[in-house]
Amino acid sequence: MKRSTPHRRSLVLLAAFAAVALVIGLLMFDKYRQRHELPTVQPVPGSAGSFRVTLFFAAPDGEGLAREGRGVPACDQLADCVDAVVDELINGPLGALQPTVPPTTTVRQVRIEGDTAVIDFGRELADGLPGGSSSEMMAVYSVVNTVCFNFPQLKRVRFLLDGAEAESLTGHLDLRQPIDPDYSKERPAEPETRQTQ
């Protein structure tokens, strides 16, 4: 009879380990699911809790933009909501996608003028970008597409740098006028490959 005690202890430890592994697995799956889940409804300022948004980052190979879902705390004013979404873009992707704006970028202010979001960035946005038209294009359109996709009442984005009109970020894209979104820069999502055993 006493021989069964170590066996029982082993079963209890095995059951506890399995329970912990299951909880960790479920948490990881939920985080993965949230990253790939895109919003079915557009965010509405004033809603309680949090809302789902779609962020546009650079595709893994740097060619074009790709989407990533993200939860963002609820906000009361449209300008605050835009600010929160752009902050998430600055925070960078959670998965295999590539960042489009320097992580040191700051948003000084967001104003809404009719159907235009006026976003005043700090100089770090321009100073932190690598040279070349591609990085400038990805930075600008990741911001514009993210803002206009999540807030359809906004049709374009105007860029300011340190409170002044931005002519361009690195000299390739004219930013003196508000920029409309361009979803043709988006790469279709690649189907996930499953490993065969």
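Figure 1. Is Glu68 buried or exposed? Glu68 has a relative accessible area of 2%, which is under the 20% limit, so it counts as buried. Arg70, with a relative accessible area of 7%, is buried as well. The side chains of Arg123 and Asp127 also meet in a salt bridge, with a distance of 3.7 Å from N to O. Here Arg123 counts as partly exposed, at 37% relative accessibility, while Asp127, at 57%, counts as exposed. Salt bridges that share partners also join Glu68, Arg70 and Glu88 into one network.

**Figure 2. The salt bridge between Asp120 and Arg108.** In this pair the closest N and O atoms lie 2.6 Å apart. Asp120 belongs to strand β4 and Arg108 to strand β3, so the bridge ties together parts of the protein that are 12 residues apart in sequence. The two partners can also be described by their accessibility: Asp120 is buried, with a relative accessible area of 5%, whereas Arg108, at 48% relative accessibility, counts as partly exposed.

**Figure 3. The largest nonpolar core.** In soluble globular proteins, nonpolar side chains tend to be buried together. The largest nonpolar core in this model has 46 residues, and those with the most contacts inside it are Val82, Ile119, Phe121, Val140, Val147, Phe159 and Leu169. Several elements each supply at least two residues of this core, among them the strands β1 (50–58), β2 (65–73), β3 (107–113) and β5 (156–161), and the helices α2 (78–91) and α4 (133–150). Which element gives the largest share of the core? That element is α4, from which 9 residues come.

Figure 4. Leu11, Leu14 and Phe17 make a nonpolar surface patch of about 340 Å². One of these residues, Leu11, lies in helix α1 and is partly exposed, with a relative accessible area of 46%. This part of the model should be read with care, as helix α1 (residues 4–36) is where confidence is lowest, at a mean pLDDT of 64.

Figure 5. Glu113 has its place in strand β3 and is partly exposed, with a relative accessible area of 40%. When residues up to four places away in sequence are left aside, Glu113 touches Val118 and Arg158. How many residues apart in sequence are Glu113 and Leu154? They are 41 residues apart in sequence, and their C-alpha atoms are 9.2 Å apart in space. Asp162, which is found in the loop between β5 and β6 (164–165), has a positive phi of about 50° although it is not a glycine. Asp162 is partly exposed, with a relative accessible area of 41%.

**Figure 6. The whole chain and the confidence of the prediction.** The protein has 4 helices and 6 strands, which, read along the sequence, follow the pattern α-β-β-α-β-β-α-α-β-β. Of its 197 residues, 36% count as buried, and the accessible surface comes to about 11,600 Å², of which 55% belongs to carbon and sulfur atoms. Among the contacts with a separation of 6 or more, 65% are between residues 24 or more positions apart. The average pLDDT of the protein is 83, and 79% of the residues score at least 70. Confidence is highest in strand β4 (residues 116–121), at a mean of 98. Over residues 32–41, in contrast, the pLDDT stays under 50, and the model has 19 contacts for this stretch beyond four places in sequence. The pLDDT is also below 50 over residues 191–197, a stretch that has 2 contacts in the model beyond near neighbours in sequence.

Notes. Residues numbered from 1 in each chain as written. Predicted model: local features only at pLDDT ≥ 70, side-chain atom pairs only at ≥ 80, totals over all residues. Heavy atoms only, no water. pLDDT = per-residue confidence, 0-100. Contact = heavy atoms within 4.5 Å. Core = buried A, V, L, I, M, F, W, Y, C linked by side-chain atoms within 4.5 Å. Buried < 20%, exposed > 50% of the residue type's maximum accessible area, 1.4 Å probe, protein only. Patch = residues over 30% accessible without salt bridge, like charges linked within 9 Å, V, L, I, M, F, W, Y side chains within 5 Å. Areas by Shrake-Rupley, 256 points an atom, 1.4 Å probe, with all protein chains shown as cover. Salt bridge = Lys/Arg side-chain N within 4 Å of Asp/Glu carboxyl O.
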